[in-house]
Amino acid sequence: MSSSIKIESVVKEKTRMGECPVWEERETALVYVDINSQKVCRWSPLSNEVQSVSVDARVGSVALRQCGGYVIALGTRFAFLDWDTQAVTTILELEQDKPNNRFNDGKVDPKGRFFAGTMAEETAPGVRARHQGALYTLYPDHSVIKQLDQLDISNGLDWSLDHRTFFHIDSLAYAVHAFSYDVHTGKIACPKLLYHLEKEEQMPDGMCIDAEGKVWVACIDGGRVIRIDPETGKRIQTVRLPTPRITSCCFGGKDYSEMYVTSAYDGLDETTLAKEPHAGEIFKVNRLSFFLYVRPAKPHALRVRCLQLPSLIPLT
């Protein structure tokens, strides 16, 4: 790890299970979820204020809408969230035959489709039904297709800079897979193993792509994010964070040169928590050297029609 890298705890308001950070340029803010607190949160680096909206189920992911507001995956449904009114409008309910399932990580693709996957909740510590999850795509016309089935914990996802490859994590496989991606249809195919995590890296969680097309993976219980070269399948960098339960990452800030990393305190016993004062905080990583020369691509915004709430009549 380069000695020039600077790591700072920027959001002190702790999350039980912070996840899915997204930089929202129009608000100059970091948007993220606290899954287990059932909240969508927004932190302003200008005021250092955290605002939040409570929802009625565990919320696995949030993404930006081109017309304002957010799309969220909560419980087993896709929904819109109007930040100003705090209204949540369901788009579609899925997996009603799996009452123990919930949505997990999600992200918008280069054409404005929302990909999000599901997982089974634990029935006891460390105990969950296997192969109950799936990966879905919500299209701008509100139709939904199932992309993958028989997953354990559908997690971190992103796309290569040329939009030809889709990266996805099934956490209990301890691996990152690469799929061929058809940007015109949104379909994925031909999975290949990209990287299998080493023992000390623990379990893969969220991910993001940098300006050079390299893959960053958050390692929950590994206390780090790792940088993987998708051309070679090799780990090329490790950034260690000051708490073990590292959950996800994204790039943001004025020039998208800052990495924001979420964490969690759920899953740590009282003895461990006493030794981990930064658990559940959000960190900013600066001075990643490749960003001195290359500006990363901006994130995508979900291109769906703005809906008039609550009647679901498209605005003209």
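A charge is taken to sit over a ring if NZ of Lys or CZ of Arg is within 6 Å of the ring centre and within 35 degrees of the ring normal. In the predicted model examined here, this arrangement is found for Arg65, which lies over the face of Phe80 at 3.7 Å from the ring centre.

Contacts between aromatic rings were considered next, a pair of such rings being described by the distance of the centres and the angle of the planes. In total, the count comes to 12 aromatic pairs. Because Tyr70 belongs to strand E7 (residues 70–74), whereas Trp83 is placed in the loop between strand E8 (77–82) and strand E9 (87–93), the pair ties together parts that are 13 residues apart in sequence. Tyr70 and Trp83 are both buried.

A further edge-to-face pair involves Phe115 and Trp159, and is assigned to this class because the ring centres are 5.1 Å apart and the planes stand at 85°. This pair links distant parts of the chain, as Phe115 is located in strand E11 (residues 114–120) and Trp159 in strand E14 (residues 154–159), 44 residues apart. With a relative accessibility of 0%, Phe115 counts as buried, and Trp159, at 3% relative accessibility, likewise counts as buried. Phe115 and Trp159 also belong to a cluster in which ring pairs link them with Phe166, Phe179 and Tyr181.

Technical notes
Residues are numbered from 1 along each chain as its sequence is written. This is a predicted model: local features need pLDDT of at least 70, side-chain atom pairs count only at pLDDT 80 or more; totals for chains, interfaces and linings use all residues. Side-chain values use heavy atoms; hydrogens and water are left out. Rings of Phe, Tyr and Trp (its six-membered ring) pair if their centres lie within 6.5 Å; planes under 30 degrees apart count as stacked, over 60 as edge-to-face and the rest as tilted. Helices (H or I, at least four residues) and strands (E, at least two) are DSSP runs, numbered from the N terminus. Buried means under 20% relative accessible area, exposed over 50%, partly exposed in between (1.4 Å probe, protein chains only).
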